[in-house]
Amino acid sequence: MLHLRLITPSGKTDDVVRLIESTVGTTHLVVMPGAARNPSGDVVMCDVAREAGDELLGALRALDLDKAGSIAVENIDLSLSDRADRAEEEAPGEAADAVLWEHLADATHEESTLSITYIAFITLATMIAACGVVLDNAILIVGAMAVGPEFGPLAGICTALVQRAPRLALRSLIALLAGFAVAMAVTVGFSLFMDAVDLFSEARLKADRPNTGFIYAPDWFSFVVAVLAGAAGTLSLTSAKSGALVGVAISVTTVPAAANAAVALSYGDTKQTWGSTEQLLLNLLGIILAGTLTLLAQKWLWSTQRGRNHAP
């Protein structure tokens, strides 16, 4: 269940209440006339089943409530109420399958912003991966994958393509490209330093690496895994099962490929540099393609149920 707290101008309160009452899956409606001070107006609260939440939020925005008042949404972790149980039963579909597009857009906005923290995470992840490729250590590679924050901008691009939001697409693309560019540039310097202190060596990089050699040898399996990971990651975002993102993060070789390209570049190894770059681009393309198609499929699925969310 979701809890909505609305601040409505007095002239819009009746329309808001009628909208809530006509939406299947809502309950616990509370109206407090004149309770709001900034902005001034009435306070309206209700609970709504997650699977009915997206359409209700869209209808409230159509009333310009987000401009004239306020819309706040919270997840309810526990609700002991027969009315809430009935509301969830009446709402079509399953809560885990519901997509809250407003929440998704807000989440990807935050995750796809080029910030100091984002740059720090992707740079540290790339440096960890650099140690992993030189040492042929799969554990370090997995750790670097888990630390990397690049799925945020990728999800932002997918969301922007489906929602036709060019500003979100541009911001996500800048965060993705600038993040990898800075991370790889810093990792080149890091590799030169590690070589100077005799911790990295070109011989180690060019030696047989059974655990990490796949990073600079892209093939169709790389693309297939990226597509599967992109679909799984998108589903984890839209269904609020964020724990699945960890599995997605350690299934694609984006950060390790960038790291291998940076280390190879520091030694002038063009073969590994280009191979790793191709691996990186192939994985990014697969994730974006799968994520976009997954969102389109979810959007179509829920549009077929939109007419069932209103009480007769």
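Leu114, Leu170 and Ile174 together make a nonpolar surface patch of about 270 Å². Patches here take residues with over 30% relative accessible area and no salt bridge, joining nonpolar side chains (Val, Leu, Ile, Met, Phe, Trp, Tyr) within 5 Å and like charges within 9 Å. A salt bridge would be a side-chain nitrogen of Lys or Arg within 4 Å of a carboxyl oxygen of Asp or Glu, and areas are Shrake-Rupley values with a 1.4 Å probe, with only the protein chains shown counting as cover for residues. The model is predicted, so local features need pLDDT of at least 70 and side-chain atom pairs pLDDT 80 or more, while totals for chains, interfaces and linings use all residues. Residues are numbered from 1 along each chain as its sequence is written, and side-chain values use heavy atoms, leaving out hydrogens and water.

Ile174 sits in helix 9 (residues 166–196); helices (H or I, at least four residues) and strands (E, at least two) are DSSP runs numbered from the N terminus. Ile174 counts as partly exposed because its relative accessibility is 44%, between the limits for buried (under 20%) and exposed (over 50%).

Turning to the strands, eight of the nine residues of strand 3 (residues 40–48) are buried, so the rest of the structure largely encloses it. Strand 3 runs antiparallel to strand 1 (residues 2–8), with seven bridges; pairing takes at least two DSSP bridges. Here Leu6 partners Val44 and Arg5 stands opposite Met45. Seven bridges also link strand 3 to antiparallel strand 2 (residues 26–37), with Thr27 partnering Asp47, and a two-residue hairpin connects strands 2 and 3.

Strand 1 also pairs antiparallel with strand 4 (residues 70–75) through six bridges, where Arg5 faces Ala72. Five of the seven residues of strand 1 are buried, so strand 1 too is largely enclosed by the rest of the structure.

Notes
Buried means under 20% relative accessible area, exposed over 50%, partly exposed in between (1.4 Å probe, protein chains only).
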